[in-house]
Amino acid sequence: MAITPNEVRWIARELARLDLSDAEVEDLARDLTKIVGYVDQLQEAKTDGVEPLAHPLELSNVFRPDNPQPSLPVDQALANAPLRKGDFYAVPGVFE
Amino acid sequence: MIQLTAHELRRLQETGQANAESIARAFLDAVRRHDGQVKAFLHLDEDEVLRQAKAIDAKRAAKQPLGPLAGIPVAIKDVLCVQGQPATCGSKILQNFRPPYDATVVAKLREADAVLFGSTNMDEFAMGSSTENSAYQTTRNPWNLDCVPGGSSGGSAAAVAACEVPLSLGTDTGGSVRQPASLCGIVGMKPTYGRVSRYGLIAYGSSLDQVGPFARDVGDVALLLESIAGHDPRDSTSGPRPSVAYSQTVDQPLKPLTIGVAKEYFAEGLDPEVEKAVRTAIDVYKSLGATIKDVTLPHSRFAVATYYLVATAEASSNLARYDGVHFGHRAADYRGLRDMHCKSRGEGFGTEVKRRIMLGAYALSSGYVDAYYLKALKVRRLIKNDFDQAFADCDVILGPTSPTPAFRVGEKSADPLAMYLSDIYTISANLAGIPGISVPCGFSSSGLPLGLQLLAAPYEEEKLLRVARMYEQATEWRRRRPPLVAKDA
């Protein structure tokens, strides 16, 4: 099944939040079509009644005592922020 | 001195024939001589290396207790956080990122009195099998500078192979420690999932990623693994088991020993020279008294397809954090939040990372999640079940690490699927969470190293290391050095 340039644009904009050039869109449509064609062989595997395995340890609900620990000082926590305002991360308006 | 093992360097310090500073200076010299060609290192702060080495020497002079890696330089892959030092992940998006804390493995290296010896090049976000996907430089294979070192931990593997450092750490999500170890002629190990903490390891595929050691022999790999393994309260996916003193038992041969050989690991596309070297290694084990048994891994043919759905789905989610808000690159001009996200990520990520994010987002999208992601998780269970059954009949499974020796720079970079298939023999271990090790087992006619892979059941690292050591002790491959190192000596 072919993945079209329009599907690539939709995935990039709506799901992956990636700006792509026209050349990148064309390349990705071609590469993803080829890769999805390859992974389609999984449909040959018989998996009726098989439980999905999301994680090799199959752990759930790992608890530890809720003891307060020292946390990073604000200046250190914000040191890598691209834009800072006071003690906060600065972002453009959320509602367009 | 630079050709010695960590064990030998430790003895030199104990007998006073060398100290941490003279060792550090010897390796810094080696980097100066060779890294212009090999390009293994991304960051190396000489003053910081010497400061650590002098501090170890001062501790020794004051007769303070010293850790098991005292004065031993260890390079780390640029995906692990070292407080205040760059951690770029081979990506432009993290070009200016300096982590505010140490990864647990880094903290453990400090506790063991190791000398943190810079950080090494890698495929961007550990996505690749050749280290060509780094945004900064292409690392070369020390055995042939026209060839790739493998990947994604190619810098860490090449640095050890070129004797620029005795030990290094990589990470292995689909073979990224074992495959470059094989292509560079050294030993590399992926521990059981959960054996080593992932705290401070910048995530790619969280259910697959595992930190692993590189060294020039199995004894040194055992020493490095025991220093970094164990439960970490900061990583809820680290197994609830303390570390084991692997280096104390590694020299004991495993007897009786049953080795499983799977026909699926000698499939179409396997280079005849690799096959011959691996079959010869089976004969070595026979001569050491091992029983060889046929085992079958019928679902391994689905491993590459399963991996490239599971790993990319996890990556598309993990890499959502690079949003230009908390850390990393933010575009200069944008209109609104969404545009800021799209532009920052579009500018910051390289081609392969974009490709994998897109594939993962597609596999998780409404309408496709059952056919792709959930289907892959079911096949993942079948792959794990194959191993459970096989290990009921044998101690380890033996096969090639990589289907071919090192390929040439540029040879596969235009064909992502061909590149993905170079992990065909390594990725099942990540899907199943089992440990694996690659050990040198010969050379191609063109002088490139070949590697043998041994796999074991979960938490059987001790057994795996002992079996690997038996082969190493019976052969001489580990004593060969790449031409640029041999010329030096």
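Q: Before I look at details, what is the mean pLDDT of chain A?
A: Good place to begin. Where pLDDT is low, the predicted coordinates should not be read in detail. For chain A the mean is 93, and 99% of its residues reach 70 or more. Confidence in chain A is highest in helix H1, at 97, and lowest in helix H3 (residues 74-77), at a mean of 94.

Q: Now the contact between the chains: how much area do chain A and chain B bury between them?
A: The size of an interface is often given as the accessible area lost when the parts come together. Here chain A and chain B bury about 5,500 Å² between them, with 66% of it on carbon and sulfur atoms. The contact draws on 56 residues of chain A and 66 residues of chain B.

Q: Which residue of chain B forms a salt bridge with A:Glu14?
A: The partner of A:Glu14 is B:Arg338, and their closest N and O atoms are 3.8 Å apart. The cut-off for a salt bridge is 4 Å, so this pair is counted. A second example brings A:Lys34 together with B:Asp415, at 3.1 Å from N to O. Over all chains the count comes to 32 salt bridges.

Q: What does the domain assignment give for chain B?
A: It gives domain 1 (6-263 + 389-486) and domain 2 (313-375). Their centres, taken over C-alpha atoms, are separated by 29 Å.

Q: How many residues of each domain are in contact, and how much area is buried there?
A: In chain B, 19 residues of domain 1 touch 19 residues of domain 2. The two domains bury about 1,600 Å² between them, 59% of it on carbon and sulfur atoms. B:Ile93, B:Met127 and B:Tyr420 supply 38% of the area that domain 1 buries against domain 2, more than any other three residues. The domain 1 side has 11 nonpolar, six polar and two charged residues.

Q: Where in the backbone of chain B are the cis peptide bonds you would show me?
A: Most residues other than glycine have a negative phi, and most peptide bonds are trans. One cis bond joins B:Gly151 and B:Ser152, with omega about 10 degrees; B:Ser152 is in the loop between strand S3 (115-120) and helix H5 (154-161). Another joins B:Lys255 and B:Pro256, with omega about -5 degrees, and B:Pro256 is in the loop between helix H8 (246-249) and strand S7 (258-262).

Q: What is phi of B:Asp113, and where is this residue found?
A: Phi of B:Asp113 is near 65 degrees, a positive value in a residue other than glycine. Look for B:Asp113 in the loop between helix H4 (104-111) and strand S3 of chain B.

Key: Residues are numbered from 1 along each chain as its sequence is written. Chains are lettered from A and ligands numbered from 1 in the order in which they are written. This is a predicted model: local features need pLDDT of at least 70, side-chain atom pairs count only at pLDDT 80 or more; totals for chains, interfaces and linings use all residues. Side-chain values use heavy atoms; hydrogens and water are left out. Contact means heavy atoms within 4.5 Å. Buried area is the accessible area (1.4 Å probe) that two parts lose on being put together, summed over both. A salt bridge is a side-chain nitrogen of Lys or Arg within 4 Å of a carboxyl oxygen of Asp or Glu. pLDDT is the predictor's confidence in each residue, from 0 to 100. Helices (H or I, at least four residues) and strands (E, at least two) are DSSP runs, numbered from the N terminus. Domain bounds come from an automatic or database domain assignment. Ala, Val, Leu, Ile, Met, Phe, Trp, Tyr, Cys and Pro count as nonpolar, Asp, Glu, Lys and Arg as charged, and the others, Gly among them, as polar.
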